[in-house]
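Hi everyone, thanks for coming. I'd like to walk you through one structure today, so let's bring it up on the screen.

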Amino acid sequence: MKRRQFLAGLTAFGTAPLLGAAGQGDIVLAQAGAELRGPDVIYVPTPDGVVDRMLELAQVTAKDTVYDLGSGDGRIVIAAARKYGARGVGIDIDPERIKEARANAKAAGVTDKVNFVQADLFKSDISQATVVTIYLLTDLNLKLRPKLLKELAPGTRVVSHAFGMGDWKPERTESINGYTVYLWRIPPRKE
Ligand SMILES: C[S@@+](CC[C@H](N)C(=O)[O-])C[C@H]1O[C@@H](n2cnc3c(N)ncnc32)[C@H](O)[C@@H]1O
């Protein structure tokens, strides 16, 4: 899906309220008592080849914990677990996506490595991530930026599909079959 098609899809999106709860035993991330609202952006999956490149760009290893913020069908954290043995957390506000992602994790045999949480990514604790992946929109990336810089440890890699971070310049930018991916690294804290 190219950026133009993605944006066109947004205009066709309705805003039905999506309510639900995380499953028993799941991590609940700063969501207690909060009513969930509709998604900020529609679901469009990242093509598998682009997922692979995002994980390569972040140099994911078995030591990593990969958080996909707006995790859709779970493909990014599932691929990180399957290919690299990384742990993963997918956060999505849409209960249907969480159901789908859990089924996909089961089919891939990685339920011991990954966890999917129904929550608002902007209200979730992401401090345990060593790699964060996103496929949102530029304005959402800009809204997320202060949270990334505040909560993530220095050195954490952030990889975005398609959308940048304004004047926070990426360390690397790559193009794969017309899709663009960006890599940033959380800088050391200022004293
Ligand atoms: C463009 S899709 C990306 C899916 C997946 N990350 C991928 O690259 O294949 C964006 C996802 O973000 C979710 N989303 C939108 N707003 C959200 C929010 N505030 N909190 C959590 N998830 C959200 C949507 O439900 C959708 O699944």
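Let's start with methionine 54: beyond its neighbours within four places in sequence, methionine 54 is in contact with Ile76, Thr133, Val159, His161 and Val181. Contact here means C-beta atoms, placed from the backbone, within 7 Å of each other.

Some housekeeping: this is a predicted model, where local features need pLDDT of at least 70, side-chain atom pairs count only at pLDDT 80 or more, and totals for chains, interfaces and linings use all residues. Residues are numbered from 1 along each chain as its sequence is written.

Now to isoleucine 76, which sits in helix H3; helices are DSSP runs of H or I with at least four residues, strands are E runs of at least two, and both are numbered from the N terminus. Is isoleucine 76 buried or exposed? It counts as buried because it has 32 C-beta neighbours inside 10 Å; the cut-offs are 20 or more other C-beta atoms within 10 Å for buried, 12 or fewer for exposed, and partly exposed in between. Outside four places in sequence, the contacts of isoleucine 76 include Thr46, Val51, Met54 and Thr133. Isoleucine 76 and threonine 133 are 57 residues apart along the chain, with their C-alpha atoms separated by 7.9 Å.

Next, the core. In the largest nonpolar core, with 45 residues, Met54, Ala80 and Val132 touch the most other members. Such a core is a set of buried Ala, Val, Leu, Ile, Met, Phe, Trp, Tyr and Cys residues joined through C-beta atoms within 7 Å. H3 gives the most to this core, 7 residues.

Key
Two residues are in contact if their C-beta atoms, placed from the backbone, lie within 7 Å.
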